[in-house]
Amino acid sequence: MNRSGPIGIRAMLIPHSKPMLEVHDFLRYSRPMNLTEVGTAGQLKIKNARVLVLGAGGLGSPILTYLAASGIGHLGVVDFDRVEIHNLHRQILFTAHDIGQYKVDVAAKRIAQLNPHIHFHMHREKVTADNVEALFTAYDYIVDGTDNFTTRYLVNDACVSLNKTLIYGTILGFQGQLAVFQHRNSKNLRDLFPEAPDPKDIPNCSLHGVLGTFPGIIGTMMAQETLKVILDVNPLHNQLVLIDTLNWKIQTLAF
């Protein structure tokens with residue numbers, strides 16, 4: 001279990017050596033390894049992956065839970081917030097006993113209980129223009145569970161600059177979106193939406209509400225797509241998935 005140090009040494013936290021599968025891996029991951037698309041080679045890719053999740057909230061909770069359970073070798077999380085009572089209906093990493101604690105600290109305890117064999121890296125800070133590149137350097141895949149467009153565009157632009165794969169998801173009301181950007185020469189967020197909308201024009205969950213189950217649906221889909229990217233098993237490529245959970249309609253649009 002690692003906590004991030006000063007920005008200048010973040011990249012040193014994650015060694016670049018490639019571990020092999022051990023006995024506990026074969027016991028724990030026998031079911032996914034039975035899949036033709038995974039096998040032992042695929043599980044080894046998962047073990048050697050370095051994934052950074054932005055946000056430990058509604059989307060981040062299921063993303064972190066499933067990626068940790070799947071055996072991501074180095075899993076990081078960035079979040080500066082504390083647990084509040086209104087988080088509990090949707091942020092499944094936390095309980096009422098955790099109110100007031102930093103989310104990354106609680107997440108570290110839960111992940112250690114869930115899977116003690118992975119390396120979990122905590123970054124208790126906010127993603128900003130000053131630290132984004134230093135945060136991303138040590139990771140291969142960035143999963144964006146943030147909740148505002150200003151940060152999403154900052155994250156997108158950093159991934160383009162550093163050539164990092166970005167798994168993207170958003171929720172609003174009963175509507176969600178899912179995409180993979182900047183992967184194997186694919187397009188990025190600005191190719192789809194060139195400019196960020198004015199924050200004043202964008203409704204948010206605080207004002208407009210969200211059912212507790214919905215972030216779990218989109219977050220789990222983001223975790224699934226992250227694993228597909230790592231395994232190179234038909235990940236989204238220049239496609240935007242639109243999910244309407246009120247009417248159960250799913251569309252995949254090319255862009």
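Asp232 and Arg184 form a salt bridge in which the closest N and O atoms are 3.6 Å apart, a salt bridge being a side-chain nitrogen of Lys or Arg within 4 Å of a carboxyl oxygen of Asp or Glu. The pair links distant parts of the chain, 48 residues apart, with Asp232 in the loop between H10 and strand E8 (239–244) and Arg184 in the loop between strand E7 (175–181) and helix H8 (189–192). Helices (H or I, at least four residues) and strands (E, at least two) are DSSP runs, numbered from the N terminus. Asp232 counts as partly exposed because its relative accessibility is 41%, and Arg184, at 58%, counts as exposed; buried means under 20% relative accessible area, exposed over 50%, and partly exposed in between (1.4 Å probe, protein chains only).

This is a predicted model, in which local features need pLDDT of at least 70 and side-chain atom pairs count only at pLDDT 80 or more, while totals for chains, interfaces and linings use all residues. Residues are numbered from 1 along each chain as its sequence is written, and side-chain values use heavy atoms, with hydrogens and water left out.

## Other salt bridges

Side chains of opposite charge can pair when their charged atoms come close. The structure holds nine salt bridges, and one of them joins the side chains of Asp140 and Arg50 at 2.8 Å, N to O. Asp140 lies in the loop between helix H6 (132–136) and strand E5 (141–144) and Arg50 lies in strand E2 (residues 50–54), so this pair ties together parts that are 90 residues apart in sequence. Asp140 is partly exposed, at 27% relative accessibility, whereas Arg50 is buried, at 12%.

Glu225 forms a salt bridge with Lys228, with 3.2 Å between the closest N and O atoms. Because these residues are three apart in helix H10, about one helical turn separates Glu225 and Lys228. Glu225 is buried, with a relative accessible area of 4%, and Lys228 is partly exposed, at 22% relative accessibility. Salt bridges that share partners also join Glu22, Asp25 and Lys47 into one network.

## The nonpolar cores

A nonpolar core is a set of buried Ala, Val, Leu, Ile, Met, Phe, Trp, Tyr and Cys residues joined through side-chain atoms within 4.5 Å. The largest one has 43 residues, and those with the most contacts inside it are Val51, Leu64, Leu67, Ile72, Leu75 and Phe120. Helix H10 (residues 213–231) gives the most to this core, with eight residues. Apart from it lies another core, of 21 residues, including Leu54, Phe136, Ala138 and Cys159.
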